[in-house]
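The structure comes before my entries.

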Amino acid sequence: MTSASALAIADYEHTVWGEKDGLAAAAGQFIQVPHGMLLMRTTVGRQVFDGVEFHSFDKAPAGGPFVDSADVLGQTSPTGAVYYIHPETFRLMRRWQGRTEAVEDKFGAGPYARFIFDQQGVGWYHQRGVLLRLEGLHLEALDDSWGIPKGTRAIHRPVVDAQGAVWFVNPVGLYRLPRGARVFERVDVRDCEQIAFAPDGSLWCTGAEGIAVIDMKDGRPVSQRRLTRAPHGIMLFDSRGGLWMHSLIGIEHAADWRRVLEPGGAAALRADAITPERGLSSLSVNDLHEDADGNIWLATATGIERFRLPRFTQAKFPRYVTSAELTPDADGGLWLGQWNSSLKYVANGNVKEMPQIKDVTSIRPGANHRIWVSTQNALWRKEAGADFTLVPTPDLSWRGQIHQIAEDDTGAVWLQAGDQLLRLQDGRISQPRGPVTPPADGRYILHADTQGQLWFAGKARRGPFVLRGGLFREIRSEPYHDTVTEAWVAFARGARVWIGGLNGVGVFEGDRFRPLQSKGNALKAITGIVETPQGDLWLSGLNKVFHIPAATLKAGLSGQAVMPKVYDHHDGLHGVADPGDAPRLVQDAAGLIWASTNEGRFWIDPGVKQAVPKPPVAQVWAVKSDGAITPAGAGVQLSANPGQIEFNYSAAALSIADRVRFRYRIEGIDSEWQEAGARRTAYYTQLPPGRHRFEVMASNEDGQWAEVPTSLAFEVLPAWYQTLWFRMLALSLVLGCLWLVYRLRVGVLRARERSRMREILAERERIARDLHDTLLQSMQGVILGFQAVATALPAQDNTRGSIESQLDHADQMLGEARDRVRDLRSTDADAVGLREAFESAAAQLAGTAQVEIVEAGRARALRPLTRDRIYLIGREALLNAVIHGKGSDIRVDLQFESRRFTLRVHDNGPGMAPEVLAAGARPGHYGLLGMRERAAQIGGSLTITSRPGGGTEVELRVPAAQAFEGTASNRPWRQILRIPREGRQPMRRQA
């Protein structure tokens, strides 16, 4: 067994907090509250310590704390009930099964009540010398009816033994209340001021007369022995079997309490002590307490102190300036050496020096539990159970320092001397030769696996090379080179060969290399590898040690990125494991893992399962804002327009506070959790008004997060211009302005339309005058001239008949021309309604066709220009139905709809020829073309359908916005922005 012996007080990490850290005053008693923090009594009030900060419970400011008092001020009884003193009323309260009730307390427990609960959940406490009993919702002060003499005052808090009996001390003596009894019985033990029960059930008493041990049988004292007459005070038996005791020199300690019972035990207790000279803050110690994580806490007159046992323990070996060579021995010891010192053997806590072997450069295990040691100019070998012997070799001093030693399956010894690879056999040195041998001038890590193969892992981008039966082979693996890059260390277990180095670590299984993936690429600069028989993997980096359990390791080798357990200076591992040619991590025969750094040798027992605490529950302590903060039921209210808002939170972190991580979010503001690391403040700026919920959760030291976040509801009040009524008012104002702009725009458009209509009418009248005064008068003169010629010819002359026939046709053409001139000047629809205009047109066709006019819907006033175009299109359709369609029955439909106006003219003629319908007009005729142009001018659509023998139907559709007076576009923004509707063409000025 190596020097992994019982721990002394110096092996603990000692930390002190005082006034500069926020402690209000001298600390009295400790209580670990339900959420894991430490509640302590001080001379000026109660404080809660979360491992980083102190939180006071005087009159709470408006900005906090927003915590459940039971969670941070309470004690949990075996029944699950939580008792606490209310921070404002100072009443004793109980929270149990979802209900919070006040305890009947006639005596007054006071603000610092600290109960000791028995197995039935009954609490015991002494206040002002009176012993108090708490059961359910009733607190009573015990009197002489309980067997306590009148005037007797309790000195210190009571104690409950393993059988459930309650013990307390007063100046008269020691009293015991058996489980279930109602009367205390006096025990004849004197000079007892403090009492505690050891793990074996014996009762220990301390006081001004020293330390006494009372042996018990069936819960009753049977004998008493005094260990020392030196005064001692409060004491604590910790969960590891250690004993802590206050004395006049400070805090005395025994790693094993049973050692104190042995001869010289009191001296050993005194020898392992912490005093003010060694860092104790004060000789006035008020309380000793062990928390749920095994930390030991002291309350003193000037501060609180924590003794935390690191997971790695530093061995009491000689200190070296660099990492030392470590190699375990099959006998259970450990070989230790360095280039500037002699070889040492460590076993059973003793260090044995080998002065004949100095300036050690390498220590390596060999076959059959053989140990090889190299020095500056010699090679040594030790067989199992024998001493070291010098190995005859040629002069090696000129070849460089030997830093690698390994045996192959033929018995040859391979040495890495400087940058030369050498083979030693039968006292002769040679270098490897052959096409597949590793280059002799390379630098390699040599390691023999369990299959009899010797591995050569180098720093160049070749290999690794494997030697078996005197033959080399090279394994070519791109994943190996990409992962490791430069080999620093190797380890073999079963069929696996691990190789680690500069950029990572992985394992060869046969010739297949499998890299080990880790989150954040944490596994870099690997200086040591150990795979335990249980399948766990331990790795050392430059200043960390990583542990990967077997189940997690399997996932990591399957391509999943794993998160290893990390050990660093928080765990007692100090210094740097400089990358050399020796592994900086080994496992001895007892199973201990050893790490070597430039600050010492450290060990951890992997067989001791570390308890994983539950993730702590986060607490919101305060909300800070540049505006006012007002409590509002379960939440808070923040004034309008807060600039920066701070949420201060924490969680119990009594061991390694730096590893407790936080994340937070505000619902509706943060799309995902915000990682805060170890920071205990969340910052927000410019939060919008309304109700919000702040959530925060914490992780434990192993990265496990709480299942349910802690939440705080709060409300940001709106400014006057952020209120709903203001927004509605502003919206109404904007809509009103938009409507006013719209109406103005519509008025402008209407004025433009009327002006344009007047211009068109004036232009038409000018054209009509010009036609009447020129073309019609000239045609009339020509007709009269031909009429005179025809009259001069005999009546029977065929020429006269032809002239008169052409004159009749000319009169018809002249009449049509006059009609067109009349149309230019005005229409019948100008002064009358559209129906009356079509009735007038139908009257002109009397005798040639029967015209029926049907009006549907509620008649509405049409825009003048639109009405004129509709009438001209309809009259053209009537004339075409009579002249070209030869229809005898014609129906005219006028449909006034909410979204459009529709004109439909249908006749019963033979129909329109397909080629004319396809061409859209008859050759040399422009009536249909004119109808389409007029429809486009008013934004309408014209459809002509016809089938042989089924007549012809002309349909005109005009949108309501273009058809009716006082109707805006169904898209007013297009009117305002002058965006034409789809399919609408701009109106062209008619020449």
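I counted salt bridges and got 49. My rule was a side-chain nitrogen of Lys or Arg within 4 Å of a carboxyl oxygen of Asp or Glu. The model is predicted, so I took local features only at pLDDT of at least 70 and side-chain atom pairs only at pLDDT 80 or more, while totals for chains, interfaces and linings use all residues. I numbered residues from 1 along each chain as its sequence is written, and side-chain values use heavy atoms, without hydrogens and water.

I looked up R306 and E13 next. Their side chains meet in a salt bridge at 3.0 Å, N to O. R306 lies in strand β29 and E13 in strand β1, so the pair ties together parts 293 residues apart in sequence. Strands are DSSP runs of E, at least two residues, and helices are runs of H or I, at least four, all numbered from the N terminus. R306 is buried at 6% relative accessible area, whereas E13 is partly exposed at 26%. Buried means under 20%, exposed over 50%, partly exposed in between, with a 1.4 Å probe and protein chains only.

Then I checked R680 and D50. They form a salt bridge at 3.1 Å, N to O. Each sits in a loop, and 630 residues separate them. Both R680 and D50 are buried.

Last, I turned to helix α4, residues 550-557. Its buried residues are L553, A555, G556 and L557. They pack against β48, β49, β50, β52 and β53; contact means heavy atoms within 4.5 Å. Just after α4, G559 takes a positive phi of about 105°.
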